[in-house]
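Notebook open, structure on screen.

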Amino acid sequence: TDKIYRLFANEAIIVRTDGTMWYLAVVNPTSQYLTQLGTDTDWDKLVEYEFYLKTDGTLWKQYSIYQSIFNPVYPGTNWKDVNEEYGIKTDGTIWDIKLSQEATPTQIGTDTNWTELVDGNMSLAKKADGTLWWIGSSYPITGTWVEFSYRHDGYYPDDIYGIKDDGTLWKWNSDTDLYNNTPTQIGSDTDWVKVGRNNNVALKA
């Protein structure tokens, strides 16, 4: 399945199943602009605006969203997930990377079971057992989570959504609810499987 990442109201990056990457702009309902970015066929996903992972675990920066100019960031072939502040390597370790500054990565703690980061500059990550943690803290967010994402409003994350292992859908209203560990369940359905990035869309089984 193609991976589609919304950038702005009418722009998106598409990583296709063949590993190629494309830029899409929707001018109006009858006019669209679609162009391939470079010729590489080993792109995996967009991890943050203008930063991408390849299938070999290398991390790349695109110096203009409209051009096919990519340069490697942080040598190595072992990155699994990255957001603006942190990175998880394939060995399950978590690192402070300050992506926008391209600072030297610094390992946080010694745990080797980190699996996933919340998008953006959120200090949240998931472990292999499904628990969700504040990075650097000693306590998890209540529950066992299989999926989580947020809706970005302006410069800061607004609403954070999560799906528990029982298929229920939950929402935190901004950082306050997260810090207080008080998510609110949305409805009573138990067949939710995925929440969208940067929008209010969720997918059922």
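**Ground rules.** I am working from a predicted model, where local features need pLDDT of at least 70, side-chain atom pairs count only at pLDDT 80 or more, and totals for chains, interfaces and linings use all residues. Residues are numbered from 1 along each chain as its sequence is written, and side-chain values use heavy atoms, with hydrogens and water left out.

**Strand β2.** How many of its residues are buried? I got 5 of 5, with buried meaning under 20% relative accessible area, using a 1.4 Å probe and protein chains only. Side chains in a regular strand alternate between the two faces of the sheet. Here Glu11, Ile13 and Val15 sit on one side, Ala12 and Ile14 on the other, and both faces are covered.

**Its partners.** I then checked the pairing (two strands pair if DSSP finds at least two bridges between them). β1, residues 3–8, runs antiparallel to β2 and is joined to it by 5 bridges. The two make a hairpin with 2 residues between them.

**Cores.** Next I looked up nonpolar cores, meaning sets of buried Ala, Val, Leu, Ile, Met, Phe, Trp, Tyr and Cys residues joined through side-chain atoms within 4.5 Å. The largest has 13 residues, and Ile13, Met21 and Trp43 are among those with the most contacts inside it. β1, β2, β3 and β5 (43–48) each supply at least two residues of this core, and β3 gives the most, with 3. I clicked on Leu46 and, leaving aside neighbours within four places in sequence, found contacts with Tyr5, Leu7, Ile13, Phe51 and Tyr52 (contact means heavy atoms within 4.5 Å). There is a second, separate core of 11 residues, which includes Val47, Val73, Trp79 and Trp95.

**Trp79.** Is Trp79 buried or exposed? I noted it as buried because its relative accessibility is 4%. Trp79 lies in β9, residues 79–82. Beyond four places in sequence, Trp79 touches residues including Leu53, Tyr74, Ile88, Trp95 and Pro105. Last entry: Asp56 is 23 residues from Trp79 along the chain, and their C-alpha atoms are separated by 8.6 Å.

Definitions and conventions
Helices (H or I, at least four residues) and strands (E, at least two) are DSSP runs, numbered from the N terminus. Buried means under 20% relative accessible area, exposed over 50%, partly exposed in between (1.4 Å probe, protein chains only).
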